[in-house]
Amino acid sequence: MDLVAAVGLQILYGIANLALISLGLAIIFGMMRVINLAHGEFLMLGGYTVVVAANAGVNIWIAMLILAPLVVGVIGVVVERLLIRWLYGRMIDTLLATWGLSLLFIGLVTSIFGASTATTISPPLGVISIGEYTSSAYELLLIGITAALGIAVFLALKMTNLGLVARGTMQNAEMASALGVSTSRIYMITFGVGAAVTGLAGGLLAPVTGVLPTIGSVYIAKAFITVISGGAAILAGTASASVLLGGVNGIAAFLTGPTIGEVALLLTAIVLLRLMPRGITGGIFRKSL
């Protein structure tokens, strides 16, 4: 029974990890249809923000929960104003531009921190005992934080005026503009919020994974697979795809090892998209947010 509880906790953490790294991309790609190939680098920048701030003596919780989303959110706003705003509706151009942006971020961070050694900080909170097994208390906290973040984004999109205006603008920008909405401002805020959520995710994962300039490549494939497999619905799609893919990954990794777990995740996504080309929410939760 202790083994079942320990394995179940690890599977839940895998699901939360997948949802956490995908949520910011779901906002930017799912709402704005912007293919942001610098998404992994936004996660990386959030991680480096936490590492640098913690090593400078800043409380680690302040660094993770405040500084990481703030710094990456500001970077996101600058990127949107200087680059993305000129490329809306030009998907291939946006893809190439954000790919170049990712290379720029990697080069800048490599020149500052070096390329070979992962920068790490110790996870807070220690370990918890599950019978004969132990698990990280911080990973358990991340599960709760991911759930709370998903609920917060849902409430912001569903219950606030800004969320309603943002959703309306993404669906019909011309109508929103005719009603007096500053669509340029809404695009900027939405991209900035998506970047901030991504920075928060990168900051929260930094104590678990460590940080390298190239760590974004580890994140971005999983994030895009999750968001695309989820379908059009921003939150329901990300959540459902995270549960399915994260569950398959966790079970396969427990039975055979982490490499086969990653392969199982990819094969599951391929089969899913073959059976449901519009993703999970395109075939099941069609009217979900």
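This is a predicted model: local features need pLDDT of at least 70, side-chain atom pairs count only at pLDDT 80 or more; totals for chains, interfaces and linings use all residues.
Reader: Hello! Which side chain does Glu 262 meet in a salt bridge?

Author: Residues are numbered from 1 along each chain as its sequence is written, and side-chain values use heavy atoms, leaving out hydrogens and water. A salt bridge requires a side-chain nitrogen of Lys or Arg within 4 Å of a carboxyl oxygen of Asp or Glu. At 3.0 Å, N to O, the partner of Glu 262 is Lys 222.

Reader: How many residues apart are Glu 262 and Lys 222?

Author: The pair links distant parts of the chain. Helices here are DSSP runs (H or I, at least four residues), numbered from the N terminus. Glu 262 sits in helix α11 and Lys 222 in helix α9 (residues 216-230), so the separation is 40 residues.

Reader: Is Glu 80 buried or exposed?

Author: Buried means under 20% relative accessible area, exposed over 50%, and partly exposed in between (1.4 Å probe, protein chains only). Arg 81, at 22%, is partly exposed. Because its relative accessible area is 0%, Glu 80 counts as buried.

Reader: What is the relative accessibility of Arg 90?

Author: Arg 90 and Asp 93 meet in a salt bridge of 2.8 Å, N to O. Asp 93 is partly exposed at 31%. Arg 90 is also classed as partly exposed, with a relative accessibility of 42%.

Reader: How many salt bridges are there by this rule?

Author: One of them joins Glu 262 and Lys 222. By the rule given above, the count is three.

Definitions and conventions: Helices (H or I, at least four residues) and strands (E, at least two) are DSSP runs, numbered from the N terminus.
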